[in-house]
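Subject: Handover of a structure

Hello,

I am passing this structure on to you. Please look through it first; my notes on what was found follow below.

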Amino acid sequence: MATDDKASAADHVLRVALKHSECVGGEVLELEHGLERVRIDMNVEMPLDMKADNVSSSGVRTCESVVLKLPASWPWQSPRFYLRDDFPRHFPHLMPFSTPPRPCLIDGDQDEFFLQFGLVDYGVFHLVDQLAVWLRKAAINDLIDPEQGWEPMLRRDYRDIVELDAEHARSLVDRKGGWAVWKGKYYRRGDPSGLLGVDAEAWLSSDGERTPLKTSEGDDTFTASPMRGDMRVGNTVVAIIWPDKNSDGSAFVHSIYVPEDVKTLGHLRARAEEIGCARGLDAFLSNLERSFAGFVLPAPIPVSVILCARRPVHLIGTESDIELLPYVIDVRAEHGRQTLFVQGNNEPVSPAAHYQSISAPLLRSLSGSPDQPPLVMLGCGSVGSKLALHAARSGQDIVCVSDKSGLRPHNMARHALGPSHVPSSKAEALAKELEGFGLRPEVHKGDLGKDLREQKLAKTLLPKCAGAVINSTASLSVREALVDAAPARYRARLFEAALFGRGRGAFLLADGPRHNPNHADLMAEMYATIDGTPASKLLFDPAEGLAEIRIGQGCGSLTMQMSDARLSAMTASLALELSELLAAPVNDGMIVMGAMDVGTPATSWVRYQVPPFETVEIAGTDGWELRISKRVADRIRAEAASYSAVETGGVMIGCTSARLKTVTVVDLLDAPPDSQRSVALFVLGTQGLHAAIEARHEASGRTLFDVGTWHSHLHDTGPSGTDWNTAAELAAERTPPSILLIATPTSFHALMHTKEPD
Amino acid sequence: MTASIVFFPVGNGDMTLVTLDNDQKILIDLHVRKAADNDDDDTPDVMSDLRERLNRDSAGRLYVDGFLLSHPDKDHISGLESHFHLGPPEDWAKDDDKILIREMWSSPVVFRRSSKSHTLCPDAKAWAKEARRRVALFRENGTIAGEGDRIQIMGEDEDGKTDDILGIVVKTNETITKLNEIGSSAFEGRLLAPLPQGEDEDTEELLAKNRSSVIIRFSIRGGGILDKCRFLSGGDAEVAIWERLWEDLGDHNAHWLDYDILQAPHHCSWHSLSYDSWSQMGEDAEVCEAARNALGQIRKGAIVVASSKTIDADDSDPPCDRAKREYISIVDGKRDRFICVADVWEGEERALEYEITANGITKTVKSAAKAAAASMGIGATASQARAHGRADGYR
């Protein structure tokens, strides 16, 4: 850039600033370190009574001169704003230590704010406007907006870091006051004799495990490794100190904003005094001193002190009113010392930034997720692993993971875990990954189809504490075993998630209260109602359909072509639906069905709510049960009622499970035209019936078939002799169970002929 | 809701909106000049500004909770018929979309017939008719009517025409505590005028002419804190009234007159401060000390607002430069505490607005989003015809 252009930048900025109604004057200043500077004079509106004094109650003047320095990289970076040297310091949004003081004009990165305006003029104008707003607020000390919350002291630029779970630390705080010591680990980089925050820096972390403060032979509360390069690591402690109560017993609240300016132990004691933590700090420091008595460890060991300040309102971005103020002090246990802190109150102390360690509350607040009950993941394949990580990243607990297979190289095409986990067991690998999120799930590596039916194992697989069990195995045997294993009183909601059609289709089943409808009911209901939808094309397509549904844990995925992106897209949507259903449970069962367009990633999702199935014990069997979709049961009752003078009936369509001993009815076929209806007898005709059953079978992707017949009785009477005879005839003609359902005006009766009737 | 006072730029006239911290709004006077409704005219479009500041009720009607007419002169009531719904509220029509006046605050002058000495413009007649309709409803039913039919009469009628409707009359020197039947302590108004009839006939004659101006000293709650702002509003009341007020109140109730914001009476007219003629006597004209005292009870940092056109030393009265100087002397000689609404429009293209919060009374500042484009000259290309393609070296 030519010098002429450079020289004009300051003029340009001044010209733009003067366009602002509150900018009432200014001038271009001389270069400083080769950088251009501009002074602008800002009018500050304030209440009339303060205006009369030309200065606000907080010390802001009605006209404030502010210096703008143009950075060398102008206009790629925004001007820096400097207030007068004696501008009052007791404001939040004022950068600590900066001389002269600098206001924080933007909630975020000022350069980003500036650059969002394509026109430099616009960017400058808006920054000047932010300055005008900032000054007006400062004038009435309104920079902390109680609605928005308390502005924590600015600490983000500190070099020393303390990493711990803030919620855990806050949970220690009670009304009475006190202190606690946690085990910690540290990295200290830089000159061992150097000053923290200046020529050395420390990173301390603690997982919140309490420790007594003592140092004895063999004790490893404090350790220091040899120097590796310029770094040393070791064990240390973190002290959490919270305010004592007021003399009248009320909680101590500190409501004056002060910038962070602690530099020495003396300052730290003064700060502790201000916020009610003086007793705790003294107690900790003297205990620390005592614990080192007779102990020599010449390397500097950074120790952290966290002062907990109670604020009058919650902090911005959290519900807590406790602000954590972390500091780091180097402890040097030298030979022949009088005290650990030889410089007394002049001992340097470095304010530190706090990093939140991974915790469920942190993850929940970052992902905006509610606190939800723990999950069990049955199946840790590509779908299961992704659902699990979505849940873990939202701060949800996972108490059990199960998969019988191991991670193989081909899994790397789509599995959530990376190649470093090959060839461990999928369940173990997932559990290990979840450990990083602070989760400790039980690991199960057995065959779910078998183990779910074993009472001992079922206690692990279906723990009481779980809020939801997610079956992503896409295995029919696991589905049935799960239906079988979950008694009505088991409170967790059961879910099944699966993809089909090369990942272009997906479904999520959520069973109903007391597991009715169950997943088998929901699958039958899905087959009965899905016909004609985009999903049905995918589901019933012989090339892409159900045959390939086994993406969860079987070997099906080996041959299936599907990109990780597509699988992730569908699985992510399932995860959204899942958390939606957990957050706002419906009173019925639910089928969620998604189908992706051809050629674009647009996906349509549909939810079907399925009320509980009506169940009828089947007479003549050893505990078989007829399960009728509410939709179908209502149809039967309506049709029976419409033939009030004669018996009527039809054919029931559904499916059966020999393992669950259930016959599930999800559709009806009308009685053929040659059927006969009379007062005491209904004779089902045959005309066109076979073709109709065939067609229904095809339309359901060959999953539904005729499972028996129904007919009405005009009075509340159970099966007649004729009914039993018909049942026997039906049984003789085919092997699949054939049910006779009798609909009386008030109830259903079901019977089936078995080889050895009761 | 933040309480506020907005002075609309209406030249020599009054139009002031007071918003209380319970979000009730009271409009004091109206002066919508014909040109203000014309898009192509530069006269500030105050009705659009006002409408943006009002709320709609459940029936979709824009409304003010109260409308105080200080006195029925043209520069205080212009635009009533075009912009406000008059007549039974149920006759409000969506297509007209006029503003509903939930409760009128009117001086008893509405009971007087127009005469040679008391002529009324059409808007003033419409106001009187609407007021009489509402009074008749009260007289008929004996109960406070519903929203849109309510009225409070500010002061008793000297001929006894309000004697049978005292339930809706606020007597002079009493306080107004309800707006549209809501007594929320969001404000309190002290009714200082119209002055009740006295015994001294000479004074009476003098007062008769403009006795009808309503003077109210509002005490307004800000951010939930009582009495954050005292606002003295006196229509066109002239020197005799202020002199008399000081005589009546000066000894024991001077604090009824103190203020943070004074709307300079009669658009900064000299005749509110002096009996002498400015045009004839010029600088020899003398200030009436009592009137000045009545208008000079300032609280710390108080300001005087002139709702007038720009004040020019050579111009006729009102507004009067001599009056301006007197007001400046009242506010501790601080020129920046005397604000002319027209100057604010000139400089900022907006109405003059003060917010009343727990911190005090603060002038609001134009928002940058609105200001940026104009300040940066975006669109300036279109503001005048510009020559292009000339080769004469001008840039």
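One term first: helices here are DSSP runs of H or I with at least four residues, numbered from the N terminus. By that numbering, helix 4 of chain B is followed by B:Gly142, which has a positive phi, near 70°. Please keep in mind throughout that this is a predicted model.

The two chains

Chain A has 758 residues, and 43% of them count as buried. Its secondary structure comes to 19 helices and 29 strands. Among the contacts in chain A with a separation of 6 or more, 69% are between residues 24 or more positions apart.

Chain B has 395 residues, with 49% of them buried. It contains 12 helices and 20 strands. Here, residues 24 or more positions apart make up 67% of the contacts with a separation of 6 or more.

Helix 4 of chain B

This helix covers residues 122-141. At 1.5 Å a residue, its 20 residues should span 28 Å, and the end C-alpha atoms are 29 Å apart, which agrees.

Which residues of helix 4 of chain B are buried? They are B:Asp123, B:Ala124, B:Trp127, B:Ala128, B:Glu130, B:Ala131, B:Arg134 and B:Val135. Seen down the helix axis, these buried residues fall within an arc of 165°, so they line one face of helix 4 of chain B.

A sheet in chain B

Chain B has an open sheet of 3 strands in the order 5-6-8, with mixed pairing. Strand 5 (55-56) and strand 8 (100-101) of chain B are the edge strands, each pairing on one side only. Strand 6 (residues 62-64) of chain B pairs with strand 8 of chain B in the parallel sense, over 2 bridges. In that pairing, B:Tyr63 has B:Leu100 in strand 8 of chain B as its bridge partner.

Strand 29 of chain A

Strand 29 (residues 748-751) of chain A pairs in the parallel sense with strand 21 (residues 614-619) of chain A, over 2 bridges. A:Ala750, in strand 29 of chain A, is the bridge partner of A:Ile618.

Strand 28 (residues 739-743) of chain A runs antiparallel to strand 29 of chain A, and 4 bridges join them. Here A:Leu740 has A:Leu751 as its bridge partner. Strand 28 and strand 29 of chain A form a hairpin, joined through 4 residues.

Where the chains meet

How many residues of chain B are in contact with chain A? There are 18, and they touch 20 residues of chain A. On the chain B side, the elements that give two or more residues are strand 17 (298-306), strand 20 (360-363) and helix 12 (368-376). Helix 12 of chain B gives the most, with 5 residues. By class, this side of chain B has 8 nonpolar, 5 polar and 5 charged residues.

Regards

Note on methods:
Residues are numbered from 1 along each chain as its sequence is written. Chains are lettered from A and ligands numbered from 1 in the order in which they are written. This is a predicted model: local features need pLDDT of at least 70, side-chain atom pairs count only at pLDDT 80 or more; totals for chains, interfaces and linings use all residues. A residue is buried if 20 or more other C-beta atoms lie within 10 Å of its own, exposed if 12 or fewer, and partly exposed in between; C-beta atoms are placed from the backbone. Two residues are in contact if their C-beta atoms, placed from the backbone, lie within 7 Å. The expected span of a helix is 1.5 Å times one less than its number of residues. The arc is that of the directions from the helix axis to the C-beta atoms. Ala, Val, Leu, Ile, Met, Phe, Trp, Tyr, Cys and Pro count as nonpolar, Asp, Glu, Lys and Arg as charged, and the others, Gly among them, as polar. Two strands pair if DSSP finds at least two bridges between them.
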